[in-house]
Amino acid sequence: MRNIHSLVLLCLAVSLTSAGCKKEGAANSNEILIGEYASMTGNTSAFGTSSDKGLQLAFEQINAAGGVLGKKIKVILADDRSDANEANTAVQKLINGDGVVAVIGEVASKRSLAGASVCEKYKVPMLSPASTNPAVTVDNGRTKPYVFRICFTDEFQGRINGRFAAEQGWKKIAMLTNVEEDYSKGLGSNFQKTYETGEHHIVANESYRNSDRDFKAQLRKIKDANPDAIYVPGYYTEVKLLLPQARELGLNVPFFGGDGWDSPETLALDAAQGQFYSDHYAAEDPRPEVQEFVNAYQAKYKETPDAMAVLGYDAARVMADAIKRAGKVDREAIRDALSKTKDFPGASGTITIDESHNARKPIVVLQIQDRKAKLFKTYPFE
Amino acid sequence: MDKLVDQLIIGLSVGATYALIALGYTMVYGVLRLINFAHGDVYMVGAVVGYYVAHAMVRAGEPIWLTITAVIAAAVICCAILGFLIEYLAYRPLRNRPRLVALITAIGVSLLLENLFQLNVIFGPTPRSFPPEIRAALGKRFDLLSLGVSLVLMVVLTWVVKRTRTGLALRAVSYRFDTAMLMGVNTNRIISFTFMFGSALAAVAGVLDAIRYDVRPLMGILPGLKAFIAAVLGGIGNIPGALVGGILIGVVETLLKGYLKSEYTGYADAVSFVILILILLVRPSGLLGRPEREKV
């Protein structure tokens, strides 16, 4: 009996040390290990599954074309179940357990912030496909050396949302933000700064929490403020509950929001038809990069890619491009190459990473019509 | 005035489901002096069962009203069985142990159910919605309907407790457990009945909320907590108390969201809990609870 015990212990010890000894990026093999952490399940699983589909497609194409530096790229996926604590653990596991050379993730800003702190600690380059909160790459005015993103920030998106509302001729706006999400609060405050001038007023500024599923009390209050339109910078899980509830209360003014709305579930809602949201790309954009991507994606998955899919795709390709330019599978070299990304022809727009490690990219406003997102207007980077 | 009426209807409808869950807490506490923390998760199981039945029936093209009836019936039956099993497997073997043991077991059962239902083979962690047809068929009447269903169920429960032999036995067990047993009351049967009835009520609440919002494996935590507080507020062990407590919490919470200054609406829950603490400071045994005299 005792012998069996010690045997088990020995096996455990061996497996632990061998895991601990794994070298970064498995330098001697013919593979480059890249970690991906995403919300494959949980509240915002649509974000994780879409960005993963895009990312897998990109690496598949890259590997089919011979890989990078003569090696194939292997993605190790860790599910964070839409939870910031889980994201932290997932990134630790990717770096210390699997020994990945670089990390791609997350969509939600809160979870990217959790992952970024781990990547900073272990000096592993991290590329976020879609997190828009400024704090993901910049902490108190200091740019995080190892963290990058290939999308615009809340600051820019909130500003554009404000300009869009003014251009639509809406004079009175009601806002409904999630007080527990950095993303929602960031968009809200930047929107308010741009929009609230002269004849434009925010007539109601309501809030809710992640656990809320009934928004009727706030919506009923908003109804009395009689706004021209309602700004909801939240995630689709909240939007899909909130829009039908507003309908029930007879609140029939337009609703609009940010890229958190992007999901097939939003598009399919009756109450979402005619509403607007800003996003990273429009599937109907005629640029060849977009159409090639959309066709390849449709061939593989039999569905139209949403913004998270296109950003996952671009993140993977920017990462592969950086490894190629680095010339070796080395974390520091990849980090340097990422920071020098310039005019990369992405499907979601031309990507240049600036000194704050953000991408300078245009933004589109989409309108939901016939259960599809139609391009309404494009705003260039400013 | 219009606004107040609307907010009251919303609050009553939200409070009605809290009350339904609170009844289960209060009944179990009445007979066993046990806070069944797994009760919020029974509510979630009701929603999940309803979800599967609803989708199957809508796909088969059954009429909406038949679907709704079948959904509620299936959820009620499954949850009653689940309630029976939880008591039989987890609490009965510990009946004569210190009360803390059963309480910790209750938390264990709750965690077990929550994690079990996050498995993809059973349900998975992703929120899913009822077929939109059901919500569309109910339309604006939904708030009043959920309130009506809850009220009818409470009348039924009161009738059972006050007018039937089982109810009489239930009251006897809750009054003095040992004496009831000596008088020939089959206490095990009464306790099983209590768990099954309470779970069935939670199942109805689960289906109502699933139609109104969506289904998630962790959806039981917060309503469960609020219903527990509702039961304490009304006077734990007291059936009309659970009703009053549940409705009161729903209404207070909604009115706070509706009338609190804009920036603070996200904190309505916190404010409503503070109000509850204040009420309990003044009346420690709850609004309708009788103060227990200390025996020397």
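Let us begin with B:Leu208, which counts as buried because 26 C-beta neighbours lie inside 10 Å; a residue is buried if 20 or more other C-beta atoms, placed from the backbone, lie within 10 Å of its own. This is a predicted model, in which local features need pLDDT of at least 70, side-chain atom pairs count only at pLDDT 80 or more, and totals for chains, interfaces and linings use all residues. Residues are numbered from 1 along each chain as its sequence is written, while chains are lettered from A and ligands numbered from 1 in the order in which they are written.

B:Leu208 belongs to helix α9 (residues 187–212) of chain B; helices are DSSP runs of H or I with at least four residues, numbered from the N terminus. Beyond the neighbours within four places in sequence, B:Leu208 is in contact with B:Thr17, B:Ser146 and B:Val149, contact being C-beta atoms, placed from the backbone, within 7 Å. By C-alpha atoms, 20 Å separates B:Leu208 from B:Gly124, 84 residues apart along the chain.

I turn now to the interface. Here 20 residues of chain B are in contact with 24 residues of chain A. On the chain B side, α1 (2–32) and α11 (239–259) are the elements that give two or more residues, and α1(B) gives the most, with five residues.

Finally, confidence. The mean pLDDT (the predictor's confidence in each residue, from 0 to 100) of chain B is 90, and 98% of its residues reach 70 or more. Within chain B, helix α2 (residues 39–59) has the highest confidence, at a mean of 96, and helix α5 (residues 132–138) the lowest, at 83. The model scores ipTM 0.84 and pTM 0.84.

Technical notes: Two residues are in contact if their C-beta atoms, placed from the backbone, lie within 7 Å. A residue is buried if 20 or more other C-beta atoms lie within 10 Å of its own, exposed if 12 or fewer, and partly exposed in between; C-beta atoms are placed from the backbone.
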